[in-house]
Amino acid sequence: MAVPYSNTKLRVPKGFQNILEGLAREVLRNQPPNVYEFGASYFETLLGNRTETGHDPAIHGARLEDRTYNNHSFKKPGVDQSSPQQQDAAVKIQTQYRQHSAQQAVAEMKEEDAAVKIQAGFRGYIDRQEVKKRTSPDE
């Protein structure tokens with residue numbers, strides 16, 4: 001008896017992979033002597049948690065799969081390097097960033113210079129007070 005070739009592709013339900021991964025993880029973690037009984041109790045626990053809390057790991061897994069596999073933003077590059085408009089925009093962005101970085105560096109230099117001037121002024125004041133004490137006729 002020959003089985004005809006079929007071009008049918010079986011589809012795994014969304015979230016099913018997530019549930020099976022959870023079962024496999026728990027089986028490996030617990031190393032039960034009877035995997036079938038452990039699987040039955042694991043799924044009963046999942047079902048009880050779903051009815052109590054409303055959290056379904058299958059739906060959560062399906063959402064994660066959709067986010068990963070149906071995200072088309074990575075399939076097509078968003079930047080066309082041959083486009084003069086995009087090149088001009090990139091140059092403008094880079095120019096603004098470099099200008100901003102330079103302004104921050106200048107501001108830091110100004111703060112440092114101001115701090116040096118304040119410190120020098122204070123040290124001069126302390127030195128003048130010391131000189132006054134030494135030259136005063138009180139001694």
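## Basis and overall make-up

Helices (H or I, at least four residues) and strands (E, at least two) are DSSP runs, numbered from the N terminus. Glu26, for example, is found in helix H1. This is a predicted model, in which local features need pLDDT of at least 70 and side-chain atom pairs count only at pLDDT 80 or more, while totals for chains, interfaces and linings use all residues. Residues are numbered from 1 along each chain as its sequence is written, and side-chain values use heavy atoms, with hydrogens and water left out.

The protein has four helices and zero strands, in the order α-α-α-α from the N terminus on. Of its 139 residues, 12% are buried, where buried means under 20% relative accessible area, exposed over 50%, and partly exposed in between (1.4 Å probe, protein chains only). The accessible surface comes to about 13,000 Å², and 57% of it belongs to carbon and sulfur atoms; areas come from the Shrake-Rupley method with a 1.4 Å probe, and for residues only the protein chains shown count as cover. Among contacts (heavy atoms within 4.5 Å) with a separation of 6 or more, 43% join residues 24 or more positions apart.

H1 has 15 residues and spans 21 Å from its first C-alpha to its last, close to the 21 Å expected at 1.5 Å a residue; the expected span is 1.5 Å times one less than the number of residues. Its buried residues are Ile19, Gly22, Leu23, Glu26 and Val27. Seen down the axis of H1, these fall within an arc of 130°, so they line one face of the helix; the arc is that of the directions from the helix axis to the C-beta atoms. Leu28 and Arg29 are exposed on the other side of H1.

The side chain of Glu26 makes a polar contact with that of Arg29 at 2.9 Å. A polar contact is a pair of N or O atoms within 3.5 Å; within protein, one must be able to donate a hydrogen and the other to accept it, and residues adjacent in sequence count only if both atoms are side-chain atoms. Not counting residues up to four places away in sequence, Glu26 touches Gln31, Phe38 and Tyr42. Gln31 lies in the loop between H1 and H2 and is exposed, at 57% relative accessibility. Although not a glycine, Gln31 has a positive phi of about 50°.

## Helix H2

H2 covers residues 35–53, and its 19 residues reach 26 Å from first C-alpha to last, close to the 27 Å expected. At its start, a side-chain oxygen of Asn34 comes to within 3.2 Å of the backbone nitrogen of Tyr36. After H2 comes Gly54, with a positive phi near 85°.

Phe38, Gly39 and Tyr42 are the buried residues of H2. Down the helix axis they fall within an arc of 100°, so they line one face of H2. They pack against helix H1 (16–30). The face turned away from this buried side carries the exposed residues Tyr36, Glu37, Glu44, Thr51 and Glu52.

## The aromatic pair

The structure holds one aromatic pair. Tyr42 and Phe43 form it, edge-to-face, at 5.4 Å centre to centre with 70° between the planes. Rings of Phe, Tyr and Trp (its six-membered ring) pair if their centres lie within 6.5 Å; planes under 30 degrees apart count as stacked, over 60 as edge-to-face and the rest as tilted. Tyr42 is buried, with a relative accessible area of 18%, whereas Phe43 is partly exposed, at 34%.
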